[in-house]
Amino acid sequence: MKTNVLQSNDIFYISVNDKTIDLFESQYPVPKGVSYNSYVIVDEKIAVMDTVDRRGTTVWMQNLLETLDGKTPDYLIISHMEPDHAGSLWDIATRFSTMTLVGTAKAIAMVTAFCREPLSNPTQVVKEGDTISLGSHTLQFFAAPMVHWPEVMVTYEQTEQLLFSADAFGKFGALDADEPWKDEARRYFINIVGKYGLQVQNLLKKASKLEIKGICPLHGPILSGDLSPYLNLYQTWSSYTPEETGVFVAYASIHGNTTQTAQFLAKKLEALGETVVTLDLCRYDMADAVQQAFRFDRMVLAASSYDGGVFLPMEDFLIHLMAKNFQNRSVFLVENGSWAPCAGKKMRSYLEQMKNLHLSEEVLTIRSAVKPMDEEKLEELAKTIHSSA
């Protein structure tokens with residue numbers, strides 16, 4: 001796909017849509033695919049902005065050569081060395097051996113690690129604030145370490161005021177996916193970058209000092225027009241601030257009784273006017289469950305006891321939350337156990353390792369089937385959750 005970037009006659013978007021991939025990074029389901037984005041600035045000197053995953057090398061190279069129209073690029077700007085963006089670096093570098101590879105010191109060092117043989121291309125290490133003039137366009141570089149690898153930088157094109165944002169402001173889904181930007185951008189951010197909120201905050205501070213007309217990420221569509229909704233969401237997500245007032249009910253049930261428990265509680269919460277999302281951790285996309293936990297200000301965890309601990313799908317979920325730096329929410333616990341309920345204790349042991357969580361003092365215990373007495377307790381729990389907002 002070759003298109004002009006924001007109607008520019010000099011900057012082109014040469015993206016590859018991958019609709020054959022099932023798991024991004026071998027762990028995140030992408031039913032609507034993903035895009036690998038690369039850009040070309042054609043001026044007195046030519047800069048190629050990143051490459052694409054090897055899965056898209058052939059199509060990307062065709063788009064690149066069509067855009068170059070017989071010319072040789074002067075620079076390859078390396079924002080991020082992860083293989084879904086640098087997977088075709090070898091192909092372009094060996095084809096254009098005089099092209100200079102531009103990146104942070106850590107990025108240039110990584111080139112050797114990711115290429116099967118040494119490259120003969122010249123290299124140029126850039127630091128915070130350095131610039132490269134292409135003619136009428138000037139590129140300025142800003143370090144973005146741990147967003148979400150240590151070598152990452154973003155590039156600001158001063159003339160047309162475009163931010164080439166690396167993995168920031170990306171989303172899952174091919175470019176023609178018919179879906180709202182926010183949901184898949186949230187799922188992408190929380191699971192890919194979410195652990196590094198402080199580093200994203202630092203990048204947002206740098207971006208706030210720039211006049212930006214468009215954001216060109218390495219996944220997903222170019223963002224233009226009023227950028228404040230996107231920036232505000234990134235500010236919310238990276239500061240671990242709940243995005244919405246509501247309750248996420250996540251449950252892991254072995255034989256269905258915990259399912260009944262969670263669904264009964266959810267209905268009582270909805271009757272109180274709460275926005276509620278309920279997910280079965282045994283059957284649902286874990287990446288979506290994680291992003292829903294970050295979306296709301298309160299969460300209920302309901303799980304069966306299992307082998308002296310907690311049912312494993314719930315334990316897996318808690319491990320994911322811990323890895324993504326989950327914090328700043330209120331959490332309520334419900335356990336189910338026939339003879340020795342222990343899920344609550346195990347869930348609490350994970351949650352106590354996370355930051356700034358308000359944990360309910362007591363665990364509501366259900367013994368196998370939900371009985372009228374349990375329903376009364378669940379209704380009281382719903383009122384407690386509602387009043388905690």
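Contact in these legends means heavy atoms within 4.5 Å. The structure is a predicted model, in which local features need pLDDT of at least 70 and side-chain atom pairs count only at pLDDT 80 or more, while totals for chains, interfaces and linings use all residues. Residues are numbered from 1 along each chain as its sequence is written, and side-chain values use heavy atoms, with hydrogens and water left out.

View 1. E315 touches V310, K346 and Y350, when residues up to four places away in sequence are not counted. The residue belongs to helix α10, residues 312-323, where helices (H or I, at least four residues) and strands (E, at least two) are DSSP runs numbered from the N terminus. With a relative accessible area of 15%, E315 is buried; buried means under 20% relative accessible area, exposed over 50% and partly exposed in between, with a 1.4 Å probe and protein chains only.

**View 2. The packing of α10 with α11.** Two packed helices are described by the angle between their axes and the distance between the axes. The axes of α10 and helix α11 (residues 343-351) come within 10 Å and cross at roughly 10°, which makes α10 roughly parallel to α11. Axes here are lines fitted to C-alpha atoms, for helices over the stretch in contact, and angles run from 0 to 180 degrees between N-to-C directions; angles under 35 degrees count as roughly parallel, over 145 as roughly antiparallel, 65 to 115 as roughly perpendicular and the rest as oblique. On the α10 side the contact is made by M314, E315, L318, I319 and M322, which meet K346, M347, Y350 and L351 in α11. The residues of this contact divide into 7 nonpolar, no polar and 2 charged, where Ala, Val, Leu, Ile, Met, Phe, Trp, Tyr, Cys and Pro count as nonpolar, Asp, Glu, Lys and Arg as charged, and the others, Gly among them, as polar.

View 3. Helix α8 spans residues 257-271 and includes T259. The helix has 15 residues and reaches 21 Å from its first C-alpha to its last, close to the 21 Å expected at 1.5 Å a residue; the expected span is 1.5 Å times one less than the number of residues. T259 counts as buried because its relative accessibility is 18%, and the buried residues of α8 also include T258, F264, L265 and L269. These buried residues pack against several elements, including β18 (244-252), β20 (296-306) and α12 (372-387). Leaving aside residues up to four places away in sequence, T259 touches Y251 and S253. T259 and A302 are 43 residues apart in sequence and 8.3 Å apart in space, C-alpha to C-alpha. The helix is followed by G273, whose phi is positive, near 95°.

**View 4. The open sheet of 7 strands.** The strand order is β1-β2-β7-β8-β9-β10-β11, with mixed pairing, and two strands pair if DSSP finds at least two bridges between them. The edge strands β1 (2-4) and β11 (123-125) each pair on one side only, and neighbouring strands of this sheet are turned by 25° against each other on average, direction ignored. Helix α1 (residues 57-68) lies across β1, β2 (11-14), β7 (39-42) and β8 (46-49), running at about 160° to β2. Helix α4 (residues 105-114) lies across β10 and β11 and runs at about 130° to β10.

**View 5. Strand β8 and its partners.** Both faces of β8 are covered, with I46 and V48 on one side and A47 and M49 on the other, all buried. Strands β7 and β8 run antiparallel and are joined by 4 bridges, among which V42 has I46 as its partner in β8, and a hairpin joins these two strands through 3 residues. Strand β9 (residues 75-77) runs parallel to β8, with 3 bridges between them, and A47 stands opposite Y75 in β9.

**View 6. The parallel pair β10 and β11.** Strand β10 (residues 100-103) runs parallel to β11, joined by 3 bridges, and G103 stands opposite V125 in β11.

**View 7. The open sheet of 6 strands.** Here the order is β12-β13-β14-β15-β16-β17 and the pairing is mixed. Strands β12 (131-133) and β17 (223-224) stand at the edges with a single partner strand each, so one side of each is left without a neighbour in the sheet. Strand β13 (residues 138-143) and strand β14 (residues 153-157) pair in the antiparallel sense over 5 bridges, and Q140 stands opposite Y156 in β14.
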